[in-house]
Amino acid sequence: HPDWMVVLWDNAAVHREFPDLVELVKPIPIMSWIADLLRYHVLEKYGGVYLDADIVPIRSLDPLRNRFPDFTACEKPESNGPRVSESEY
């Protein structure tokens with residue numbers, strides 16, 4: 001979205017913003033689980049929208065965010081990739 005600020009989180013930012021989380025996740029052996037925890041902490045603290053790198057919105061998310069300020073969406077487990085609903089939001 002052209003009016004949004006994009007933030008990429010590197011290790012230094014994670015250590016600076018979430019030092020307690022860094023210690024908490026050390027025993028977790030699966031990196032994707034750690035990324036999930038970090039993602040939720042960032043959204044809780046700063047708000048905003050998280051999109052995986054392979055997601056390409058085909059229209060603005062603003063109407064969805066205006067109607068549902070807090071929401072979560074995910075792919076269907078049996079799908080071969082992201083799907084876009086034909087219904088209007």
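1. The pLDDT is the predictor's confidence in each residue, on a scale from 0 to 100. For this protein the mean pLDDT is 81, and 81% of the residues reach 70 or more. Over residues 84–89 the pLDDT is below 50; beyond near neighbours in sequence, this stretch has 10 contacts in the model, a contact being heavy atoms within 4.5 Å.

2. The model is predicted: local features need pLDDT of at least 70, side-chain atom pairs count only at pLDDT 80 or more, and totals for chains, interfaces and linings use all residues. Residues are numbered from 1 along each chain as its sequence is written, and side-chain values use heavy atoms, with hydrogens and water left out.

3. On secondary structure, the protein contains 4 helices and 0 strands, and its pattern along the sequence reads α-α-α-α. These elements are DSSP runs numbered from the N terminus (helices: H or I, at least four residues; strands: E, at least two). Among contacts between residues at least 6 apart in sequence, 48% join residues at least 24 apart.

4. On burial and surface, 16% of the 89 residues count as buried. Buried means under 20% relative accessible area, exposed means over 50%, and partly exposed lies in between (1.4 Å probe, protein chains only). The accessible surface of the protein comes to about 7800 Å², and 57% of that surface belongs to carbon and sulfur atoms. Such areas come from the Shrake-Rupley method with a 1.4 Å probe; for residues, only the protein chains shown count as cover.

5. Which residues form the aromatic cluster? W9, F18 and Y46 make up one such cluster. Rings of Phe, Tyr and Trp (its six-membered ring) pair if their centres lie within 6.5 Å; planes under 30 degrees apart count as stacked, over 60 as edge-to-face and the rest as tilted. By this rule the count comes to 2 aromatic pairs. The rings of W9 and F18 have centres 5.8 Å apart and planes at 45°, so this pair is tilted. W9 is partly exposed at 29% relative accessible area, whereas F18 is buried at 8%.

6. W9 also pairs with Y46, again in a tilted arrangement, with 5.9 Å from centre to centre and 45° between the planes. This pair links distant parts of the chain: W9 lies in the segment before α1 (11–17), Y46 lies in helix α3 (residues 31–46), and the two are 37 residues apart. Y46 is partly exposed, with a relative accessible area of 45%.

7. The charged end of K45 sits over the ring of F18, 5.3 Å from the ring centre. The criterion is that NZ of Lys or CZ of Arg is within 6 Å of the ring centre and within 35 degrees of the ring normal. K45 itself is partly exposed, with a relative accessible area of 46%.

8. A salt bridge is a side-chain nitrogen of Lys or Arg within 4 Å of a carboxyl oxygen of Asp or Glu. By this rule the count comes to 4 salt bridges. One of them joins K45 and E17, at 2.9 Å from N to O. This pair links distant parts of the chain, with K45 in helix α3 and E17 in helix α1, 28 residues apart. E17 also forms a salt bridge with R16, the closest N and O atoms being 3.6 Å apart.

9. K26 is exposed, with a relative accessible area of 57%, and E23 is partly exposed at 48%.

10. Where does G47 lie? Its place is in the loop between α3 and α4 (62–67). G47 counts as partly exposed, at 34% relative accessibility. The C-alpha atoms of G47 and D70 are separated by 9.0 Å, the two residues being 23 apart along the chain.
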